[in-house]
Amino acid sequence: MSILSLIIKREFIAKVRNKSFIVMTFLSPLLFVGMAVLVGYLSTMNKDSVTQIAIHDEAGLLKKEFKNDKYTNYTDLSAMPFKIAKDTASKSYEGLLYIPKVTSVQDLKEKVEYISEDSPSLDFISDVEEVIDSVITQENLKVLGFDAEKIDKAKADSSLKLSKFSGEESLKGLNEIKVAIGGLFGYLIMMFIVIYGNFVMRSVIEEKTSRIIEIIISSVKPYQLMMGKIIGNSLAGILQFLIWAIVGTLLFFIASTFLGLQMGASSTMSPEMMEAAGNVDKVAKLQMYFNEITNLPLVTLIISFIIYFIGGYFLYSSFYAAIGAAVDSETDSQQFLLPIIMPLILGVYIGFFTVINDPHGTIATVFSIIPLTSPIVMLMRIPFGVPLWQLLLSIGLLYGTFIFVVWFAAKIYRVGILMYGKKPTWKELYKWLKY
Amino acid sequence: MSNILEVQNVVKQYGDYTALNNVSLQVPKGSIYGLLGPNGAGKTTLIRIINQITMPDSGVVLLDGEKLKPEHVQYIGYMPEERGLYKTMKVGEQCLYLAQLKGMPYEEAKKQLKYWFEKFEIEGWWNKKIQELSKGMAQKIQFIVTILHQPKLLILDEPFSGFDPVNANLIKDEIIELNKKGTSIIFSTHRMESVEEMCDYIALIHKSNKLIEGKLEDVKRQYRSNTFQVGVLTNNIEGLMVHLTQKFTISQTNFKSLNDDLKLEVHLGQHNSNELLSILSQFGQVTHFVEKIPSVNDIFIQTVSK
């Protein structure tokens, strides 16, 4: 067996046998699914309850306008004197909507009051305001001599139909779905880099503190050891992700059957898609969303995911390995970690805020080509279709940088693993490059 | 006799600091070679260069006549001063792993390990983790790992630190045993008594330069001071002293003896020892007559403080 594969094997086994790894691997999906089920359960609970609102309308101008619906129940307490109504409301209602006697309807604009213990939701406030607005608007129209009914009839309700140059019809909300899918992949890459990069770093520090490092590098090249570590840890990580995916899917199935969350048929859909689909009434539309999703460049997406995953992970792990070599303990590593985590976070932000608005804009394009952010940003852009040259340029740059960074990290690593004592400064790290 | 290791004009600089300044060494095949020097002299840097952990800025290192190359790691066994093992890895697996890194095939490594574990009577440790062992026990494992692949050249940096006297002796015997079988050994230590006891050759590095190198006796001969320690039983001390001071420089000294004799340290100067002996025997019975040989310790301190 070659030296490199020996090292990879050892790193992999050391990682996989680790108790915290085993616990993490099997507990995380449980926790995750448990949380999802809990959240789902709680939100259905919330929807079931009807908010009871009391109305005290002194002039009787508005009370008829508030109609009961699924979530809110209005009760008219106008017959009671205001004080009693208020007391009653404070005891057995969520809140009291107080509409004082006004001389002109126009005064309603500012005089209506909502009294409650807890602050009401934004949705509720805007609903109430809408009712008041419509009453005042009707009144205004009447004053100006328009026929409100005719105006209502004259109102048009248009709906913009979206389609592509290729002819197929596209759907609203599709951007969100695309970003969600790309974002999921990008986010996975970021999480993987941060978690497993840290593992690599910890493993380097462990060899340093246990002082076995000098024995190892009298047998193998530091470069081999570093690469072995990076690859071995990533294999452990891939195994963990696979287990998560399998266990997670299984658990979702089990949970959905047990709780009757009606996920059976649509369990292949992510929650985002469910939500987007829920807004569309017609089944046909739902079908179209499905088609759109299957029409996404899935093969490109998965292949790119793998390419960017490997490139991005190796690039960042080399940084992590170099940092591990430079410091004596994990607490010393913070100073050096910050500049590494920054581009990752930047990538995620750009992905979620810029790509969704303008997937082919300058910022999104530039950051999907810069190697440090490209694994995340480019994956978010791919569902929107990316020109091949950009993809190739981005991948080429990523792997080019990767080779350079490995070379650079190996130098720091080689010197750092034999340095004990004080925490090096940036200046010293630079000097090590020349040793 | 040819040399197992030759270091030729090796220079190593770290920034502005020169760790090794044009150092050359010759380690003869089959020797036990003591590499001495105060802390920070450059010993560790030199050893790391021999192990190809760091590269020299200039100069060459020859192992068995060949310029050092990556495959040579399997001919060298190295026990660094700062040593340790993977704490959470099992002893057996760890030894196998380290042996395979040195290029040993799995089966061969297992066979050798079995031999050594039986020899040291530690078969029961195979499935234990290093963190369950005491420091001394871990050091034994460390020693086995160092010699398992039957290196031609063994480099031991402070090999006895961490061992209790019993185990230190055990290791010492193993080292001598290996040496008898033909392994050349480089010893880097501060324990002068072990150098005195075991080494045939020594080299002294101080402030990045090699100051002394050679066969232990040759070095000592070079540092001899022509001084004798004598003991004599006499009634005429004053007469003896008068006679002695005419030719020699003398001083009082002390050494262990069963007699109530006069104990002197005599510097011969231009004269030879027979002249001294004849004067002494004229005045009484000579009970002690030994040339004072400089110890490695004396040589070390004398050279370093110069």
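**Two chains, A and B: a walk through a predicted model**

Let me begin inside helix α4 of chain B, where Ala138(B), Gln139(B), Lys140(B), Ile141(B), Gln142(B), Phe143(B), Ile144(B), Val145(B) and Thr146(B) are buried; a residue is called buried if 20 or more other C-beta atoms lie within 10 Å of its own, exposed if 12 or fewer, and partly exposed in between, with C-beta atoms placed from the backbone. Everything I show comes from a predicted model, in which local features need a pLDDT of at least 70 and side-chain atom pairs count only at pLDDT 80 or more, while totals for chains, interfaces and linings use all residues. Residues are numbered from 1 along each chain as its sequence is written, and chains are lettered from A and ligands numbered from 1 in the order in which they are written.

What covers those buried residues of α4(B)? The cover includes β6 (76-79), α2, α3 (106-119) and α5 (165-180) of chain B. Helices (H or I, at least four residues) and strands (E, at least two) are DSSP runs, numbered from the N terminus. The 13 residues of helix α4 (residues 135-147) of chain B should span 18 Å at 1.5 Å a residue, and the end C-alpha atoms are 19 Å apart, which agrees; the expected span is 1.5 Å times one less than the number of residues.

Strand β6(B) takes us to a sheet. Six strands form an open sheet in the order β6-β7-β8-β3-β9-β10 (chain B), and the pairing is mixed, where two strands pair if DSSP finds at least two bridges between them. Because β6 and β10 of chain B each have a single partner strand, they stand at the edges, and one side of each is left without a neighbour in the sheet. From one strand to the next, the twist averages 15 degrees; axes are lines fitted to C-alpha atoms, for helices over the stretch in contact, and angles run from 0 to 180 degrees between N-to-C directions. Four bridges link β6(B) in the parallel sense to strand β7 (residues 153-157) of chain B, with Ile76(B) opposite Leu153(B). Helix α10 (residues 296-304) of chain B packs on this sheet, touching β3 (32-36), β9 and β10 of chain B, and its direction makes about 25 degrees with that of β9(B).

At the β10 end, strand β9 (residues 201-206) and strand β10 (residues 209-215) of chain B run antiparallel and are joined by six bridges, and the bridge partner of Ala203(B) in β10(B) is Glu213(B). These two strands form a hairpin with two residues between them, and Lys207(B) in the turn has a positive phi of about 45 degrees.

Chain B also has an open sheet of four strands, antiparallel, in the order β12-β13-β11-β14, with β12 (249-252) and β14 (284-291) as the edge strands, each pairing on one side only. Here the twist averages 25 degrees from one strand to the next. Strand β11 (residues 227-234) of chain B pairs with β14(B) over seven bridges, and Gln229(B) stands opposite Val290(B). Helix α9 (residues 273-283) of chain B lies across β11, β13 (262-267) and β14, running at about 15 degrees to β11(B).

How do the chains meet? In this model, 19 residues of chain B are in contact with 16 residues of chain A, contact meaning that the C-beta atoms, placed from the backbone, lie within 7 Å. On the chain B side, the largest share, four residues, comes from helix α2 (residues 91-101) of chain B.

Turning to chain A, there are 17 helices and six strands, and buried residues make up 30% of the 435 residues. One example is Ile230(A), in helix α9 (residues 222-259) of chain A, which counts as buried because it has 26 C-beta neighbours inside 10 Å. Beyond its neighbours within four places in sequence, Ile230(A) is in contact with Val200(A), Phe314(A), Ser317(A), Ser318(A) and Ala321(A).

Finally, a word on confidence, given by pLDDT, the predictor's confidence in each residue from 0 to 100. Chain A averages 80, with 85% of the residues scoring at least 70. Over residues 261-269 of chain A the pLDDT stays under 50. Where pLDDT is low, the predicted coordinates should not be read in detail.

Key: Contact = placed C-beta atoms within 7 Å.
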